[in-house]
Amino acid sequence: MTTTAILRAEGLAKRFGGVQALNAVDFECKAGEVVALMGDNGAGKSTLIRILCGATKPDSGQILINGTVRSISRPQDAVTNGISVVYQDLALVGSMDVARNVFLGHELRKFGFIRISKMREEATMLLGQLKINISSSKLQVESLSGGQRQCIAIARAVRLGSDFVLLDEPTAALGPEQQANVLRIVTELRNAGKGVVLISHNIDQVLAVSDRIVVMRGGQVAGMRNTKETNTQEIVSMIVGDQSFVKHNLQNQSTSLKGE
Ligand SMILES: Nc1ncnc2c1ncn2[C@@H]1O[C@H](COP(=O)(O)OP(=O)(O)OP(=O)(O)O)[C@@H](O)[C@H]1O
Ligand SMILES: [Mg+2]
């Protein structure tokens, strides 16, 4: 029997000094689903992602996979639990080639030696599977465009075999064509059965590529919508906080969570 993997956060809270970055946040992403995380600057989106991938420790709350509480207190714990992340700042090494970057931190070795040919071979195969247009895995990353670098960071996350891939503003710094390429990869990941969490400020993109939209405001979940059942205007009012709207929306949200 195959079950759908579900990554869930319950009651997450995080304070930085005087700022309550997250407050009682519940969040969920299923395998085979793209969940867009939207909200104004400082809403708490990156903090939520960082907690889910073990980079930030919450003050309270828990993370569950398929209903079981998991301890994710270091980035390695997230990898072990099938969660990988591509940060806003990509953390690639420009002076190394594509293959080395795809395997960064998880290099293939034999008798202690790095297996560069094997890594190049596998990197080329992976780029092909994701339909990433980079002519050779021997190219230095510093010679690539922003979009290509973004794709390599995503390929690295995918290579870890994760069920969930978390992307923090993967298209923010890209031109339209490169953005489209990254969004195509997001769709490929979903089609391959991964759960994708996508932080983005671009509503058109989010409406085009996501299955569900979660809006955060002031460290809380302001509401969520199935993408098919919403529109730009509704999402914008959730982001900026139309009070009458938010009340209605929170009711919807609790109904929807109970129903799952
Ligand atoms: N390491 C930190 N130290 C202190 N304050 C932090 C830290 N990280 C986040 N914050 C604060 O927590 C709040 C939420 O920040 P977060 O980065 O999660 O927002 P965001 O929704 O990702 O915003 P953006 O869209 O600008 O990336 C902000 O007020 C921010 O200043
Ligand atoms: Mg952020």
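In which sense do β1 and strand β4 (residues 60-65) pair, and over how many bridges? The two strands pair in the antiparallel sense over 5 bridges, where pairing requires that DSSP finds at least two bridges between two strands. Strands (E, at least two residues) and helices (H or I, at least four) are DSSP runs numbered from the N terminus. Within this pair, Ala13 has Ser60 of β4 as its bridge partner.

The model is predicted: local features need pLDDT of at least 70 and side-chain atom pairs count only at pLDDT 80 or more, while totals for chains, interfaces and linings use all residues. Residues are numbered from 1 along each chain as its sequence is written, and chains are lettered from A and ligands numbered from 1 in the order in which they are written.

The protein contains 9 helices and 12 strands. Its radius of gyration, taken over C-alpha atoms, is 19 Å, close to the 18 Å that the globule rule gives for 260 residues, so the protein is as compact as a globular protein of that length. The globule rule is 2.2 Å times the number of residues to the power 0.38. The C-alpha trace spans about 60 × 45 × 40 Å along its principal axes. Of the 260 residues, 42% count as buried. A residue is buried if 20 or more other C-beta atoms, placed from the backbone, lie within 10 Å of its own, exposed if 12 or fewer do, and partly exposed in between. Two residues are in contact if their C-beta atoms, placed from the backbone, lie within 7 Å. Among contacts between residues at least 6 apart in sequence, 66% join residues at least 24 apart.

Strand β1 (residues 6-16) also pairs with β2, in the antiparallel sense and over 8 bridges. Lys14 has Leu22 of β2 as its bridge partner. The hairpin of β1 and β2 has 2 residues between the strands, and Gly17 takes a positive phi there, near 55°.

Parallel pairing is found around strand β3 (residues 34-38). β3 is joined by 4 bridges to strand β10 (residues 195-199), with Leu198 as the bridge partner of Ala36. A further 4 bridges, also parallel, pair β3 with strand β11 (residues 212-217), where Arg212 stands opposite Val35. In β3, 5 of the 5 residues are buried, so the strand is largely enclosed by the rest of the structure. Both of its faces are covered, with Val34, Ala36 and Met38 on one side and Val35 and Leu37 on the other. β10 is likewise largely enclosed, because 5 of its 5 residues are buried. Gly195, Val197 and Ile199 point one way from β10, and Val196 and Leu198 point the other way. Strand β9 (residues 164-168) runs parallel to β10 and is joined to it by 5 bridges; Asp168 is the bridge partner of Ile199.

The largest nonpolar core has 68 residues, of which Leu37 and Leu166 touch the most other members. Such a core is a set of buried Ala, Val, Leu, Ile, Met, Phe, Trp, Tyr and Cys residues joined through C-beta atoms within 7 Å. Helix α5 (residues 146-159) contributes the largest share of this core, 7 residues. Leaving out residues up to four places away in sequence, Leu166 touches Ile49, Leu52, Cys53, Ile83, Val85 and Val197.

Ligand 1 is surrounded by Phe16, Val19, Ala21, Gly39, Asn41, Gly42, Ala43, Gly44, Lys45, Ser46 and Thr47, each with its C-beta atom, placed from the backbone, within 6 Å of the ligand. The elements giving two or more residues to this shell are β2 (19-30) and α1 (45-52), and α1 gives the most, with 3 residues. The shell divides into 4 nonpolar, 6 polar and 1 charged residues; Ala, Val, Leu, Ile, Met, Phe, Trp, Tyr, Cys and Pro count as nonpolar, Asp, Glu, Lys and Arg as charged, and the others, Gly among them, as polar. Because 7 of its 8 residues are buried, α1 is largely enclosed by the rest of the structure. The buried residues of α1 include Lys45 and Thr47. Gly54, with a positive phi near 75°, follows α1.

Arg109 lies in strand β7 (residues 109-110) and counts as exposed, with 11 C-beta neighbours inside 10 Å. Apart from its neighbours within four places in sequence, Arg109 is in contact with Ile114 and Arg115.
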